[in-house]
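Work through the exercises below with the sequence and the model side by side. Try each task before you read its solution.

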Amino acid sequence: MKTVILCGGRGTRLDEMGKLVPKALVPIGGKPVIWHLMRIFTSQGFSEFTLCLGYLGQKIEQYFGEISDGSKESLRIDRDGLKCRIKLVDTGPDTNTGGRLKAVQTSVSGDENFFVTYGDGLSDVDLNRLADFHGSHGKTATLTAVHPVSNFGMLELDADGSVQHFREKPVLREWINGGFFVFQKEIFDHLDDDPVLEQEPLESLARTGELMAYRHSGFWKCMDTYKDNLEMNVLWDSQAPWKTWPEDHE
């Protein structure tokens, strides 16, 4: 199965770091976050990627050009632990997520099912089980549902208002969209104009019963802010939960 990575957005909440490089190149442990993401896929047997470029996309082209053997149209990577093939597609600096996906339709036209994910989320999700789940229900789309960690500490209160316990940033019971999608090619029928993928396209699929959720209770974290980046670097220096590949392939 092929994988489409949406990595064209602006890192507006990454402070100065987001102005200098695209979010996909912000480093974790000395390697760009997109390197970590692609290692998650290649370590589980998925090694063909299409990258939807946008803001500062030329810097992503430069990074992969430096470690590749091939042209921009089809880069062959066998370096820094990555062994894969990459196609880079400029989908515009301000295109919405659905528009970016629509722009690379021809890249996955020969596949019945394909992965789509964001360029800033890391997880220990089992991609083969995700693909199997998608194949089992036969619907158009599957998203990976995850439990987010609260950005705030929680209080447990008695009826009279007395504080019983503090819970520091607990994992919430609610489910959210963690990305790591599997789509059938029929998804492109829902991507007219330049839609936000997470709005009308997925909402319409949900209304018609064509959107399913694969529940993942393991690790998931999105690098949305500078603070998230700091936390991910701390995790990498200790025991990164998303690292599913052997030590000798870093």
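Predicted model: local features only at pLDDT ≥ 70, side-chain atom pairs only at ≥ 80, totals over all residues.

Residues are numbered from 1 along each chain as its sequence is written, and side-chain values use heavy atoms, without hydrogens and water.

**Exercise 1.** Find out whether the radius of gyration of the protein agrees with that of a compact globule.

Solution. Take the radius over C-alpha atoms; the globule rule is 2.2 Å times the number of residues to the power 0.38. For 250 residues, the rule gives a value near 18 Å. The protein has 19 Å, which agrees.

**Exercise 2.** Which residues of helix H3 are buried, and how do they sit around the axis?

Solution. Helices are DSSP runs of H or I with at least four residues, numbered from the N terminus. H3 covers residues 57-66. Buried means under 20% relative accessible area, with a 1.4 Å probe and protein chains only. Gly57, Ile60, Tyr63 and Phe64 are buried. They cover an arc of only 115° around the axis, so they lie on the same side of H3. The arc uses the directions from the helix axis to the C-beta atoms.

**Exercise 3.** What is phi of leucine 56, and is the residue buried or exposed?

Solution. Start with the rule: most residues other than glycine have a negative phi. Leucine 56 has a positive phi, near 55°. Finally, check the area: leucine 56 has a relative accessible area of 17%, so it is buried.

How values were computed: Buried < 20%, exposed > 50% of the residue type's maximum accessible area, 1.4 Å probe, protein only. Helix = DSSP H or I, 4+ residues; strand = E, 2+ residues; numbered from the N terminus.
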